Amino acid sequence: MFPETFVRRNVLAWSKRDDVILDPFSGRGTTVFESLLNGRRALGCDTNPVAVCLSKAKADPPALKDILERLDTLEKQSSRFTPKGMELTDEFFTLCFHESTLEQLLFLKKKLDWRKDRTDCFIDALALGCLHGESHKTDLCFSNRMPRTISTKPAYSVKWWNERGCVPPHRDVFSILRTCAEYRYHSSVPPIKGRVVEGDVRRAKTLLRSYKDQVKLVITSPPYLDITDYHEDQWLRLWMLGGPTKPIGGQGKDDRHRRIEAYWQFLREAWKGVVPLLQDKAQVVIRIGGTRLGQEALCEGLLDSLNATGAKFKFLESRQTDIKNGQARIFQPGPEKASVEHDFRFQMA
Ligand SMILES: C[S@@+](CC[C@H](N)C(=O)[O-])C[C@H]1O[C@@H](n2cnc3c(N)ncnc32)[C@H](O)[C@@H]1O
């Protein structure tokens, strides 16, 4: 995830109020949120439902009153709900969540219509943030101990909990969601709405066609070569949003490449979906890492892939940032990780 400070610095340096800023690989919606907070218009696109739910919640938050009212209604209905599903007897789910917590989650999973309703989307986004994490350190988490960043696989998690005698905490989903909603609304809420679409970056020019030639600045972080499978890593959050009850590797619509040529081909196609939305002299800020590609190779590959759209881009600057080890390492060795990230800035002629 990008740090907010990285996005804010670039928003303030390279755009003015009311300019349109786009993140075509929106992830958790950091670009969308920081742009809106600073009075810019903001667009996002992502294939992953978790990313879309989080980004939409940041782009178009409901009033706190509506969230609290909806939670009250849902809580009343949940007392009359008879939970169903294989999760109730499954070894992973019954070790991951306390029985009553799991029943509340199954209720919300069935009731929340996050794609159509902004209040439900916000409640689901809050639930995704609390769904799993280091529950021995925080009360605002529904699960047995798990990393917050990625959902570990079922067999691995079960073994890990059994070896350590970890039992799921008794957590009340509705009261945690109320606390989190109130906490969120202590800090500022953007004065304007953004627009986030669920879809492939290659189709951004169609999905966001009303913004043709309007985008002044892109701040984005495409998938890194070799690094991760977003669907597998987020499988439990995807389950919460209506996905399958186990991780299914390689099934997601996100792009994940191991061959360098396929990676650059993907980025060439990606920019073709983005460039028609850009205005003259638009700037593109890209944060990217990788274990196999160094700064020079990345810079050259990015510039070539941008220019392959037929537009003419020039390189403006680059920087390097060291990455600290993420918490996922404590629980699982995990996939190979990039140890540095590079920031590049390009401009369209
Ligand atoms: C490195 S992450 C972006 C992280 C983001 N900057 C943040 O702060 O959370 C890359 C994102 O690209 C998305 N993605 C992968 N392939 C895509 C595609 N073909 N079209 C749109 N989004 C895609 C993934 O779902 C993931 O959310």
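**Entry 1: aromatic pairs**

I looked up phenylalanine 266 and found this residue buried, at 2% relative accessibility. Buried here means under 20% relative accessible area, exposed over 50% and partly exposed in between, with a 1.4 Å probe and protein chains only. Phenylalanine 25, at 13% relative accessibility, also counts as buried.

I note that this is a predicted model, in which local features need pLDDT of at least 70 and side-chain atom pairs count only at pLDDT 80 or more, while totals for chains, interfaces and linings use all residues. Residues are numbered from 1 along each chain as its sequence is written, and side-chain values use heavy atoms, with hydrogens and water left out.

I searched for aromatic pairs and recorded 13 in the structure. Rings of Phe, Tyr and Trp (its six-membered ring) pair if their centres lie within 6.5 Å; planes under 30 degrees apart count as stacked, over 60 as edge-to-face and the rest as tilted. Phenylalanine 25 and phenylalanine 266 make an edge-to-face pair, at 6.0 Å centre to centre with 65° between the planes. Phenylalanine 25 sits in the loop between strand 1 and helix 2, and phenylalanine 266 in helix 13 (residues 260-274), so this pair ties together parts 241 residues apart in sequence. Helices (H or I, at least four residues) and strands (E, at least two) are DSSP runs, numbered from the N terminus.

Phenylalanine 92 and tryptophan 235 form a tilted pair, at 5.1 Å centre to centre with 50° between the planes. This pair links helix 5 (residues 91-96) to helix 12 (residues 235-240), 143 residues apart. I found both phenylalanine 92 and tryptophan 235 buried.

I traced an open sheet of seven strands in the order 3-2-1-4-5-7-6, with mixed pairing. Two strands pair if DSSP finds at least two bridges between them. Strand 3 (195-198) and strand 6 (313-322) are the edge strands, each pairing on one side only. Strand 5 pairs with strand 4 in the parallel sense over five bridges, and leucine 217 stands opposite glutamine 283 in strand 5. Strand 5 and strand 7 run antiparallel and are joined by seven bridges; there valine 284 has phenylalanine 346 in strand 7 as its bridge partner. I found nine of the 12 residues of strand 5 buried.

In helix 1 (residues 4-14), I found Phe6, Val7, Asn10 and Val11 buried. These buried residues fall within an arc of 125° seen down the axis, so they line one face of the helix; the arc is that of the directions from the helix axis to the C-beta atoms. They pack against elements including strand 1 (20-23), helix 2 (30-37) and strand 4 (215-220). Contact means heavy atoms within 4.5 Å.

Threonine 30 is found in helix 2 and is buried, with a relative accessible area of 6%. Beyond residues up to four places away in sequence, threonine 30 touches Met1, Phe2, Pro3, Glu4 and Val7.

**Entry 2: cysteines**

I searched the whole structure for disulfides and found zero; a disulfide is a pair of cysteine sulfur atoms within 2.5 Å. The sulfur of cysteine 121 has its closest cysteine sulfur in cysteine 53, 4.1 Å away, too far for a bond. For cysteine 130 the closest is in cysteine 180, at 3.6 Å, also too far for a bond. Cysteine 121 is buried at 3% relative accessible area, and cysteine 130 is buried at 5%.
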